[in-house]
Amino acid sequence: MNKTKKIIILFVVVLFLICIKNVQQGRILKEQICILDSLSENNAFIKDALLLQISLYANRDIISNLENMLRDSIDIVSPVLLYRCSGMMCQSCIDTDMASLLNFIQRIKKRNLLILPSKENSKDSNVKIKSIWGDYWCISVDNEIFALPIDEEGMPCRYFAIMDTNKHIKEIFFPNSNSIATTYYLEYICNKYFE
């Protein structure tokens with residue numbers, strides 16, 4: 001077989017493999033869309049929470065910057081649940097997250113919970129942060145350097161995440177206004193990391 005025929009056959013095989021991969025990816029995407037569409041109105045909060053996770057996933061670079069800062073500044077021997085927020089955020093949202101956390105604190109343990117509020121310029125927000133998180137392991141984070149993720153409307157978003165013993169941040173979850181999705185997330189991470 002001459003060199004030209006070999007190149008043509010190789011080209012056809014590579015093209016065929018690329019087509020198969022694209023068809024598989026298209027099928028996976030179609031399945032994910034079907035799953036989203038099949039959620040009933042009764043489970044709309046799950047759909048909203050999932051869509052929020054997808055839309056905010058683009059902010060993962062912001063979170064990896066925080067990972068680098070924490071890697072240098074904390075020492076951990078077991079996984080840690082991180083909660084990143086700001087004193088400038090809606091008080092009822094933070095209260096809802098705190099109430100959800102308190103339901104799982106016996107399983108997570110206080111030593112495995114790290115609260116990362118933004119350093120605030122406002123005295124009121126600093127007082128609010130201290131009053132809410134005073135009994136917990138808390139490190140203030142400079143929001144100028146380690147900004148909170150931003151949603152499609154330009155609003156900063158609080159989030160939970162796990163920092164594993166290798167000091168990698170994963171299992172990122174952006175709570176929405178419905179605490180049921182947060183409860184599902186906390187149950188999942190408790191089963192996976194804290195039992």
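Trainee: Which residues does Thr182 touch, not counting residues up to four places away in sequence?
Mentor: Bear in mind that this is a predicted model. Thr182 touches Asp97, Ser100, Phe160, Phe173 and Pro175. Contact here means heavy atoms within 4.5 Å.

Trainee: Why is Thr182 called buried?
Mentor: Buried means under 20% relative accessible area. Thr182 has 0% relative accessibility, so the residue counts as buried. Of the 195 residues of the protein, 36% fall in that class.

Trainee: Where does Thr182 lie?
Mentor: In helix H7, which covers residues 179–193. H7 packs on the sheet and touches E1, E4 and E5; the direction of H7 makes about 155 degrees with that of E5.

Trainee: What is the order of the strands in that sheet?
Mentor: E3-E2-E1-E4-E5, an open sheet with mixed pairing.

Trainee: What makes E3 and E5 edge strands?
Mentor: Strand E3 (137–138) and strand E5 (169–173) each pair on one side only.

Trainee: How do you know that E1 and E4 pair?
Mentor: Pairing asks for at least two bridges between two strands. Strand E1 (residues 80–85) and strand E4 (residues 159–163) have five, in the antiparallel sense, so they count as paired. Val80, for example, stands opposite Met163 in E4.

Trainee: Which strands does helix H4 touch?
Mentor: H4 (residues 91–102) packs on the sheet against E1, strand E2 (113–117) and E4. The direction of H4 makes about 170 degrees with that of E1.

Methods
Residues are numbered from 1 along each chain as its sequence is written. This is a predicted model: local features need pLDDT of at least 70, side-chain atom pairs count only at pLDDT 80 or more; totals for chains, interfaces and linings use all residues. Side-chain values use heavy atoms; hydrogens and water are left out. Buried means under 20% relative accessible area, exposed over 50%, partly exposed in between (1.4 Å probe, protein chains only). Helices (H or I, at least four residues) and strands (E, at least two) are DSSP runs, numbered from the N terminus. Axes are lines fitted to C-alpha atoms, for helices over the stretch in contact, and angles run from 0 to 180 degrees between N-to-C directions.
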